[in-house]
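Welcome! Please take a moment with the sequence and the 3D view below before reading on.

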Amino acid sequence: FFTPPLAPGQVVLEAFTALSSCYKAHKHQADNGEKKGREYHYRQVLTSLETYLPDEFNAAYLRALGPLHGVGKETMEKLHELYRTGRLARYEKLANDPMMVALRDLKRVWGVGKVRAWELIEKHGVRSVEQLKARPSLVTKEGTKHYLAHFEELNTPFPRREVEQHEARVAELARRAHPRLRALATGSYP
């Protein structure tokens, strides 16, 4: 879940950011204020932790966080769980919820944000990119239609050799345009 090379303080911040994000996504479908309140609570906790949690710490330091704003008994239990195991069971449960899995999958489509993804899930029963591709009438934006038609191709990484060939060609054209102009390929590719 959260693994090195992050320092322990960064691991805690990343974990609580992820937990807050899950509650934020879930609050969309909450009938009461419970989920909204949890997302707000974890944002408060994050503010306190960002201010007072060093990159390196030990279990004794965790106990000293108790009086901070938003850090109550349950939050302390989560901090200790994360410190001991490197995982947060609550986050894993939320992240693996079928609705969250569907939300993440649909949001991979260009032009489909959180609101549209929830609409597709709740009103149309669409739970995956494949299901959306099977129902093109649900896609209203032209750009999204084109993206969806080429989804696999657009989500397949370029091989490193191919990127290096393109980089060399663009760099050559840049040098021809102006001797001091440089072109570099940036980003991640295998």
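What follows is a short tour of some helices, the loops beside them and a few single residues.

**Before we start**

This is a predicted model, in which local features need pLDDT of at least 70, side-chain atom pairs count only at pLDDT 80 or more, and totals for chains, interfaces and linings use all residues. Residues are numbered from 1 along each chain as its sequence is written, and side-chain values use heavy atoms, with hydrogens and water left out.

Helices here (H or I, at least four residues) are DSSP runs, numbered from the N terminus. Contact means heavy atoms within 4.5 Å. A residue is called buried under 20% relative accessible area, exposed over 50%, and partly exposed in between (1.4 Å probe, protein chains only).

**Two helices that pack together**

Two packed helices are described by the angle between their axes and the distance between the axes. For α6 and α7, the angle is about 125° and the axes are 9 Å apart. That makes α6 oblique to α7. The axes are lines fitted to C-alpha atoms, for helices over the stretch in contact, and angles run from 0 to 180 degrees between N-to-C directions. Angles under 35 degrees count as roughly parallel, over 145 as roughly antiparallel, 65 to 115 as roughly perpendicular and the rest as oblique.

The crossing of α6 and α7 is right-handed; this term applies if the near helix is turned clockwise from the far one by less than a right angle, and left-handed if anticlockwise. From α6, the residues making the contact are M99, A102, L103 and L106, while α7 brings K114, A117, W118, L120 and I121. Sorted by class, the contact of α6 with α7 has eight nonpolar, no polar and one charged residues. In this scheme Ala, Val, Leu, Ile, Met, Phe, Trp, Tyr, Cys and Pro count as nonpolar, Asp, Glu, Lys and Arg as charged, and the others, Gly among them, as polar.

**Helices with a buried side**

Which residues of α7 are buried? They are A117, W118, L120 and I121. Seen down the axis of α7, these buried residues fall within an arc of 160°, so they line one face of the helix. The arc is that of the directions from the helix axis to the C-beta atoms. V115 and K123 are exposed on the other side of α7. Just after α7 comes G125, with a positive phi of about 70°.

Helix α9 (residues 142–149) has T144, Y147 and L148 as its buried residues. Their arc around the axis is only 95°, which puts them on the same side of α9. On the other side of α9, H146 and A149 are exposed. The cover over the buried residues of α9 includes α8 (129–133) and α10 (151–154). As a general point, an α-helix has 3.6 residues a turn, so residues three or four places apart point the same way.

**Some single residues**

| Residue | Relative accessible area | Class |
|---|---|---|
| T144 | 4% | buried |
| L53 | 9% | buried |
| R38 | 32% | partly exposed |
| K107 | 43% | partly exposed |
| R108 | 43% | partly exposed |

The contacts listed next leave aside neighbours within four places in sequence.

T144 is found in α9, and its contacts are V109, W110, G111, V112 and V139.

L53 lies in the loop between α2 (34–52) and α3 (59–64). It is in contact with G9, V12, Y61 and L65. L53 and V12 are 41 residues apart in sequence and 8.9 Å apart in space, C-alpha to C-alpha.

R38 lies in α2 and touches Y23 and R90. The C-alpha atoms of R38 and N96, 58 residues apart along the chain, are separated by 18 Å.

Where does K107 lie? Its place is the loop between α6 (98–106) and α7 (114–124). K107 is in contact with V112, G113, K114 and A117. Between K107 and A168 there are 34 Å in space, C-alpha to C-alpha, and the two are 61 residues apart in sequence.

R108 is found in the loop between α6 and α7 too. Its contacts are V129, Y147 and F151. The C-alpha atoms of R108 and S128 are separated by 9.8 Å, with the two residues 20 apart along the chain.

Note on methods: Helix = DSSP H or I, 4+ residues; strand = E, 2+ residues; numbered from the N terminus.
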